[in-house]
Amino acid sequence: KKKTSTVMKSSVVFVFLFVSNAFAHIYLDYPVPRSQNAQKSGPCGSDTFWGGQATTVLQPGPQTIQWTEYIEHDGAPFRLALSATGDDNGFESFILADHIPHGDGSLKTYNYVVNIPDINCPKCSFQLINAMTDKIATGSCCKYPDSMNSTDPTCFSVYHSCANIIINGTQDPTTFKYTPPTWQGPYGREAATWVQNSTGWWLPSGSVITKNPTVCASLASSTGTVASSSQTSPTSSMPGSSSSPVSAAEHLTLFGFLVVLAA
């Protein structure tokens, strides 16, 4: 009889797993964020309002806000706002700073001073957004949120980071007369030169925003300057915050393992 033999063939596959600690393109450092996960859906993604996360107490008056960028988007501006409605639905009523220009050229830990209103808010929400205007056509603009009174298209890619905060002010937020920034979206490609010190990056006084051509009416009519954030030290402590730019490589780990497939 003719002998038959079975040959087992093995294939070796090397599988790479990329595990990143930098979950988001941006996230708040201070106030302490609900999470460091990427949140592309507004107003705060899947991070539940006061869902047992860390809480930061802020006092009325000047306050340094700090956030870190792990994936750079040149010309993508930032906005800072708070919601005092007992949920995440009131950010458009308290826009603290808008059109904060991006610092092109490297990953950064940003510091920016805002004025916290004198309101008594035991359960507030703080929001950072970053509109990805590097994804739209050069010379064009986009609006955010969609309800904004503008003929520009809605920004299709916006990152959000939110924090639970308490504000120990004196006035009722429902009757407080708040004056928002005069310059609010739509957004174009907006950048300025930030400077670095031991706590991160700051925007010098009188900084000029480099911006799009006059396609976007709000950008064309603006002065092109922004409020200074050039403060030598934070107005309050920022526990757990980063003090230097972070390389994306520092937050990427490569793992490999062998898989043997029998055939």
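# Close-up views of a predicted model

**View 1. Asparagine 130 is buried inside the predicted model.** Asparagine 130 has 0% relative accessibility and so counts as buried (under 20% relative accessible area, with exposed meaning over 50% and partly exposed in between; 1.4 Å probe, protein chains only). The residue belongs to strand β8, which covers residues 120–131. Strands (E, at least two residues) and helices (H or I, at least four residues) are DSSP runs numbered from the N terminus. Look for a polar atom of the asparagine 130 side chain 3.0 Å from the backbone oxygen of alanine 76. Leaving aside residues up to four places away in sequence, asparagine 130 touches Ile26, Ala76, Pro77, Phe78, Ser157, Val158 and Tyr159; a contact here means heavy atoms within 4.5 Å.

A note on reading these views: this is a predicted model, in which local features need pLDDT of at least 70 and side-chain atom pairs count only at pLDDT 80 or more, while totals for chains, interfaces and linings use all residues. Residues are numbered from 1 along each chain as its sequence is written, and side-chain values use heavy atoms, with hydrogens and water left out.

**View 2. The chain as a whole has one helix and twelve strands.** Following the sequence, the order of elements is β-β-β-β-β-β-β-β-β-β-β-α-β. Of the 263 residues in the chain, 48% are buried. Among contacts between residues at least 6 apart in sequence, 81% join residues at least 24 apart.

**View 3. One cavity of 30 Å³ or more is found in the structure.** The largest cavity has a volume of about 40 Å³. Eleven residues line this cavity, and those closest to its centre are Ser35, Asn37, Gln39, His160 and Ser161. Strands β2 (26–30) and β9 (158–168) each contribute at least two lining residues, and β9 gives the most, with three. Sorted by class, the lining holds four nonpolar, six polar and one charged residues. For these classes, Ala, Val, Leu, Ile, Met, Phe, Trp, Tyr, Cys and Pro are nonpolar, Asp, Glu, Lys and Arg are charged, and the others, Gly among them, are polar. A cavity is a set of points, on a 1 Å grid over the protein atoms alone, where a 1.4 Å probe fits but cannot get out; a pocket is an open set with protein on both sides within 12 Å along at least five of seven lines, and lining residues have an atom within 4 Å of a point. Grid points are joined across faces, edges and corners, and a volume is the space filled by probe spheres set on the points.

**View 4. The second largest pocket has a volume of about 170 Å³.** Its lining is made up of Gly42, Pro43, Arg79, Asp88, Asn89, Phe91, Glu92, Gln127, Tyr144 and Pro145. By class, this lining divides into four nonpolar, three polar and three charged residues.

**View 5. Cysteine 44 and cysteine 162 form one of the three disulfides.** A disulfide is a pair of cysteine sulfur atoms within 2.5 Å, and the sulfur atoms of this pair are 2.0 Å apart. The link is left-handed, with -80° about the S-S bond. This pair connects distant parts of the chain, 118 residues apart: cysteine 44 sits in the loop between β2 and β3 (55–58), and cysteine 162 in strand β9. Cysteine 44 counts as buried because its relative accessibility is 3%, and cysteine 162 counts as buried at 3% as well.

**View 6. Cysteine 121 and cysteine 124 form a disulfide with sulfur atoms 1.8 Å apart.** The torsion about this S-S bond is about 110°, so the disulfide is right-handed. Both cysteine 121 and cysteine 124 are buried.

**View 7. Cysteine 142 and cysteine 155 form a disulfide with sulfur atoms 2.0 Å apart.** With a torsion of about 85° about the S-S bond, this disulfide is right-handed. Cysteine 142 and cysteine 155 each lie in the loop between β8 and β9, so the pair ties together parts that are 13 residues apart in sequence. Cysteine 142 is buried, and so is cysteine 155. Counting bonded cysteines along the chain, the disulfides follow the pattern 1-6, 2-3, 4-5. While you are in this part of the sequence, look also at cysteine 141, which is buried with a relative accessible area of 3%.

Key. Polar contact = N/O pair within 3.5 Å; in protein donor to acceptor, adjacent residues only side chain to side chain.
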